[in-house]
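Subject: Structure for you to look at

Hello,

Here is the structure I promised to send over. Have a look at it first, and then read on for my notes.

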Amino acid sequence: MKQMLEYVHGNSVIHRLNPLTKLLFAIAACVACFVSSSHLFLLGMLLLTVVIAGAGGVLGRAAGVYKALFILGFFLMLFQLLFTPQGRVYFYILPGVPVTDDGLHFSTLLMLRMMAALSPLSLMLMLTPMNELLTAMTHSLKVPYRYAFAVVTALRFIPAFSQEMDQIMQAQRSRGHETDTRNPFKKVRVVIPMCIPLLISSVRKVETMAISLETRGFCTGPRSYRKKLGFTLFDLLAIILIMAVLSLSVIIG
Amino acid sequence: MISIRNLCYRYNKKAPLVLDNISLEIGRGEFVAIIGQNGAGKTTLLKQLNGLLKPTSGSVTINGLDTATTRTSVLARHIGFLFQNPDHQIFCSTVYDEIRFGLTNTGCRPEQADERIRRISGLLGLDGILTRNPFTLSKGERQRVALASVLALETDILVLDEPTTGQDYRECVEIMEIVKDLNRQGKTIIMVSHDMEVVVDYCKRTIVLHNGRVLEDDDTGIVLRKSESLGLAGLEPPQIIQLALRFGPLFRDVTSPEDMARAIISCTVTGGARV
Amino acid sequence: MIRFNDVSFAYEDSADFAVRNINLHIDRGEFVGIIGPSGAGKSTLLSMINGVIPHFYKGDYYGEVLVCGKDTVESTCGELSRHVGSVFQDPEAQIVSTVVEDEIAFGLENLNIPAGEIEARIDEALRMTGIEHLRHESTASLSGGQKQRVTIAAAVALRPEILVLDEPTSQLDPAGSRQVFRTLKRLNREHGITILIVEQKVMLLSEFCSRLMVMDRGQIIMDGTTRQVLEHNDRLLELGTNCPRVVTLTKLLKDASLWSGGYPVDVNEAETVVRKILEGANDQYPEPVLPLQ
């Protein structure tokens, strides 16, 4: 999970793009994927993300993202398939539950949409350092620093909390607590011994962090910024590409 | 009791070996310290003992059970594990419930459970606070509650991951005296610690881990004198041993200030030095 | 530099005073260790220096704390951060950036230091703490000792005259702990930064600190040079704080009338003591004994 959100250091073309450009791409890609109903377009989008991942040097990590989204998408696909009875029937999976051509069409569309719409977001997080995102949000988007910081720090803490959760799970398992059960009701009871320590630990960390920030002059007045974010030719090209993709999604339909 | 044969472990296929061909035997009633730098593999090794991590190759056998094929919840009846941070375990609203948690997991009958809980809390001095919320207690008290909940499982083996970190000296001694008592009653104790003084005071045998390998494995008094190996592992001998080493063979078996004082006194008397 | 005038403080939902009648004076360039059992009020004391009390934690506040001439109640935490750098126990909860140099820049940006000057200050902070080689490293990949050194560098970049540290090595291994102490020694010796450190590792404190304060139940019960405080090692053990083993040894030798000098603060001095005893002399480090407060 943390692999999908953690920044990977690098100096590629993609890394050097303005974070706003990358943010714009993530949002535009999402929109385009929902506007379009063409399998071909969605596949094309996926391919585009693969190219971007390659250019950014994160193909390995990206493969993990694709796999995770594929699994999620696959379940959604199955779900959709079973609930779309209209169209020409191919065969019956269960008595009264047909697999139809319409069903296949919509369900595969759903799966592709899921993958193509969400992977750009993950990619963008992998290829943008947090503080650049922060600077972009405060300077260009005029988001108050406090809120931008909260969002970025929350993201930065996800791997730390994930690790903490692992440790808590291991501690409880060592006391004979079974954590793997398929029963959803049992699952709830099983999860409480892990959520409470995590919650308490999170609150403690947050308190220490808040105090630490106070002692480093956080939000005590106007703030300077070390790095200036540029807008280069590549950014312009990227924006043109984004516009093209969006228009294509509308045209193809 | 515990038999580790050619244990190798890596987190996944591409990762480097965290544990590299470790073979160890730990017998009943031993009190063993495992020391080494952070990242040497100490906690990873401990987690192999109760099945939280399974060997990539080699085997770990606890009381005849192979950890690779036995569930952690079953191994929990043989090997109790106290983690470094008690707050990773504590979640109940009373100390009593917290101690009982493990017992319900391992299928202990309610009548037996109550008796055990009272006995253990007496042992650890928690009698007066059984109804209190663990989160209102001090760090040292919470550590004792976590220890109580582990002891309630009445396992023959007890594994402690840095039980004295972050505690003041008195709390540290309190916990270690309890552990020493348990060892005297026959429990096997395996402890990871950074505190060389605690290791020299309580543990009979010390294992030094470095880069996932066993560097030293012998009596504590002997291992803690090997300053070269310790240095390699990023450690230093405890103060008195450091001092003793500077005098060569003169203070060969000294580990505590009392030992050393006795040795010096006898030196000055027999050496005929002016006193 | 730091002055406490009859200070007492009780936290908001507590009836007891966390610290009582504290009178304290710390000069520029001192390296002070603070020891005591849990709950003695050590963290509270530090929090009153960096302004966390009363700006973050409220309660009943009596007396006056002056830091570099500024009253900590009337100055904000932000103002005080230019004079007092703070380092806490959990490095994970203090590091906000993904890259080391960004972490050091963070405080500087907060205080609106011009962008041009920031680079120079980052260089300076890295040099002062000896971690230039970590500049471009990802903070997540660092060891505990390295993380704490980054935290110290980030605090030092703000050019504080004082550095307060609350058990910074409690989660570190012995090598990491020593690294941190060495860094602090360097900052103290070469740059004149006043250091106040709360720690349980009495042995390291004895080796590095020139002055020790012992707290118990909200009061400072011993305050003097390291050697003076170690004289009262029996009291230290009674309180539940540790005392260096070489000091315990020397006490036993004194009881056997083999030594009448002062106490060694580390293994090197202890070696001298033992050699002298074996050679027949028996006094060194004669120092006035500190009266117990």
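Let me start with chain A: of its 253 residues, 33% count as buried. Please keep in mind throughout that this is a predicted model. The C-alpha atoms of chain A fill a box of roughly 70 × 60 × 30 Å along the principal axes. Nine helices and two strands make up the secondary structure of this chain, and along the sequence they follow the pattern α-α-α-α-β-β-α-α-α-α-α. If you count the contacts in chain A with a separation of 6 or more, 75% of them are between residues 24 or more positions apart.

A word on confidence before the other chains. The model scores ipTM 0.87 and pTM 0.85. Chain C has an average pLDDT of 90, and 96% of its residues score at least 70. One stretch to treat with care is residues 288-293 of chain C, where pLDDT stays under 50. For that stretch the model has ten contacts beyond four places in sequence.

Next, chain A and chain C together. Their contact takes 31 residues from chain C and 25 residues from chain A. On the chain C side, α2 (52-55), α3 (77-80), α4 (100-110) and α5 (115-129) each supply at least two residues. Of the elements of chain C, α4(C) gives the most to this side, with six residues. By residue type, the side of chain C that touches chain A divides into 14 nonpolar, 13 polar and four charged.

Chain C also meets chain B. Here 34 residues of chain B are in contact with 33 residues of chain C. The helices of chain B that each supply at least two residues to its side are α5 (139-151), α6 (169-184), α10 (239-245) and α11 (257-270). The most comes from α11(B), with eight residues. The side of chain B that touches chain C splits into 13 nonpolar, twelve polar and nine charged residues.

Chain B itself is assigned two domains: domain 1 (2-235) and domain 2 (238-275). Taken over C-alpha atoms, the centres of these domains of chain B are 34 Å apart. Seven residues from domain 1 of chain B and five residues from domain 2 of chain B take part in the contact between them. Helix α7 (residues 196-202) of chain B provides the largest share of the domain 1 side, three residues. That side of domain 1 of chain B consists of three nonpolar, two polar and two charged residues.

Finally, the sheet in chain B. Four strands form an open sheet in the order β2-β1-β4-β5 (chain B), with antiparallel pairing. At the edges are β2 (19-26) and β5 (65-66) of chain B, each with a single partner strand, so one side of each has no neighbour in the sheet. Strand β4 (residues 57-62) of chain B is joined to β5(B) by two bridges, and the two run antiparallel. Within that pair, B:Thr61 stands opposite B:Asp66 in β5(B). Helix α1 (residues 42-49) of chain B packs on the sheet, where it touches β1 (2-9), β2 and β4 of chain B. The direction of α1(B) makes about 125° with that of β1(B).

That is everything I have for now. Do write back once you have had a look.

Best wishes

How values were computed. Residues numbered from 1 in each chain as written. Chains lettered and ligands numbered in written order. Predicted model: local features only at pLDDT ≥ 70, side-chain atom pairs only at ≥ 80, totals over all residues. pLDDT = per-residue confidence, 0-100. Contact = placed C-beta atoms within 7 Å. Domains from an automatic or database assignment. Nonpolar A, V, L, I, M, F, W, Y, C, P; charged D, E, K, R; others polar. Pairing = 2+ DSSP bridges. Axes fitted to C-alpha atoms, helices over the stretch in contact; angles between N-to-C directions. Buried ≥ 20, exposed ≤ 12 C-beta atoms within 10 Å, placed from the backbone.
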